[in-house]
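Here is a short briefing on a two-chain model. Start with the fold of one chain, then turn to the contact between the two.

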Amino acid sequence: MTGPRETLVGITDVVKHFAGGGNVLKREKRKVHAVNGVTLAIRQGESFCLVGESGCGKSTLARTVIGLNAPTAGTITYRGQRIDDLTPKAMAPYRRRMQMVFQNPYASLNPRMTVQTILEEPIRFHFPRLSRAEVKAKVEEVMLSVGNDPHWGSRYPHEFSGGQRQRISIARALMVDPEFVVADEPISALDVSIQAQVLNVMMDARDQRDLTYLFITHDLSVVEHFGSRVGVMYLGTVCELAETKALFANPRHPYTQILLAAIPRLDASGFRHTRLAGEVPTAMDLPSGCVFHPRCPHANARCKAEIPALKDQPDGTAIACHGIEEGRI
Amino acid sequence: MALLDVSNLNVEFPTRHGTLHALRDVSFTLDKGERLGIVGESGAGKSLAAFAIINLLSKPGRISGGTITFEGQDLTAMDTDALRSIRGNRISMIFQDPMMTLNPVLTIGTQMVETLQAHRRISHAEAKRIAIAKLREVTIPSPEERFDSYPHELSGGMRQRVVIAIALLTDPSIIIADEPTTALDVTIQAEIMALMLDLCETHDVGLILITHDLGVVSEVTQRVNVMYAGRVIETGSTRDIIDAPKHPYTRGLIAALPQQNEAAQRLNQIPGSMPSLDGIPPGCAFNPRCPHVGERCRREIPALRALGEQQVACHSAEEVAALAGNGGSAS
């Protein structure tokens, strides 16, 4: 990455609640607080990774950014233009510029469509004026660029392996020449040797097309390899935001430290890691104050009462932690 | 003599389109208290190799050759009743998804007492006492209350701890764990693995850990079998194999991990994917993906042979081993 670049996607104070849970008979209105006030700026050309454990709201945030969910509060901007309140028709040109790759390539490709149809559909929708030959040439070009044989067009998704399918779904996202790709756990369902193939395809596409990625994952070793910046999420809030190198060299937030220590490493034996107290609370009953305080080894009275803001640090990272702010940690 | 000795195990699935050979000549041993990893990608036969031991093969799969000797008895020659006295008793299992393992309509306590009473003639009160002791051992808070909980009332990590407690109920000498932490978050995985490691050590229980995660294998096991397309292609001490793999597949697998690669550079990838059982190529099954492939590899199936401290099934193992010697896994 060369120097700071302009903000492509702006996320400001985004909140997303879902109605749900509770007891149907008692008509309790309980909410799932999936995302609770996240502010982030994704810069042009970067590979921004959101990392966290299940239920931390990373996928919800990604789906909100791309317009699959409307935010409960807050705004999303794309090149400075607010997009979260647009009508479907006004949103259409942005949908072409923002594409998504899903986790499970067995579920995200229509089993009744041939690969050719799957790949042609987005381009026919967004560029209805293109001729048949132009569409066909485009399909061929994109299939080749993701390392798939362009002659596979007449086949159906079930005829392919997991890795090939995920490359088809990447190809589908690339068909309309997007600028911004949201990838939600794109390699989690794949085997190790295939993960490397798919990550390589994604990195090649980034270099060839100057793509900006929002990459959602729970796998920190992938983040370390792929990401330029990382946001660590816990229970719907970002607790640390940093350049990838800085985060892995010097994790600051207590949760980030525990998360990094938990990665199983090839050069280690024994799994003698810091044990977290308690279990992850649910997003239905958020803890008061800092959401991490019930499990944090450094929590005090202030952490239980007051929600810490994500504050910029002198070294360029941003951390939401009273302990760090007070110099206790 | 080893506690468990699997020798030349073959498992096949007769189908309408011919017989599929899911396991071929799989041999390994497990000593008392030893921790063995079985790694490989989906379809390599790693779960099958472990579950064939206690004959948990789904039909029409069957053991078509080889012996499995456990405490001096051949398990393949046993009838169902005799095997039942070993399965779930002397050899316990832990599966991937605790929600699927536990019965959702029975309390944890009922399931634990049921397990104990299936294998021992003891009173309900005695079974309950043992169950609560085991729940305490797997660090479940307030086990007396949890005894009456239903599985859905517990978190994923807690459920997997209950499954571990059930596996330990009958004081088994071997636990077979099939991807026990794959469905869990990384911090919970670390807790569960630390707990399993601890329990295996304190009770001197042997562990067969099936996983695709080389990091987990490295942290937990002492020896490892690497499987590919139904065969063990490399075996030896975990440290030796991770530090100096001698099979091109093992080497490729380790080299493909993001941890092993320079950040932001293309990863070392293995081209292609593992063949399905009905499409295994002649000769070495890995030959279409192998960077060291020679004419002999396309003809002749390599046998597992000793090379240094480990065993490897590769015609070019010496060549690969020499690479591992200079400069680790970078290729």
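Buried means under 20% relative accessible area, exposed over 50%, and partly exposed in between (1.4 Å probe, protein chains only). By that rule, 54% of the 331 residues of chain B count as buried. The model is predicted: local features need pLDDT of at least 70, side-chain atom pairs count only at pLDDT 80 or more, and totals for chains, interfaces and linings use all residues. Residues are numbered from 1 along each chain as its sequence is written, and side-chain values use heavy atoms, without hydrogens and water.

**Chain B**
- Chain B holds 12 helices and 12 strands (DSSP runs: helices are H or I, at least four residues; strands are E, at least two; both are numbered from the N terminus).
- The C-alpha trace of chain B spans about 65 × 50 × 40 Å along its principal axes.
- Contact means heavy atoms within 4.5 Å.
- Among contacts in chain B between residues at least 6 apart in sequence, 64% join residues at least 24 apart.

**Contact between chain B and chain A**
- Chain B gives 48 residues to the contact, and chain A gives 36 residues.
- About 3700 Å² is buried between chain B and chain A, with 53% from carbon and sulfur atoms. This buried area is the accessible area (1.4 Å probe) that two parts lose on being put together, summed over both.

**Salt bridge**
- The count between chain B and chain A is 1 salt bridge (a side-chain nitrogen of Lys or Arg within 4 Å of a carboxyl oxygen of Asp or Glu).
- B:R266 and A:D204 meet through their side chains in a salt bridge, at 2.6 Å, N to O.
- Helix 8 of chain B (186–203) is among the elements that give two or more residues to the side of chain B that touches chain A.
- Helix 8 of chain B gives the most to that side, with 10 residues.

Conventions
Chains lettered and ligands numbered in written order.
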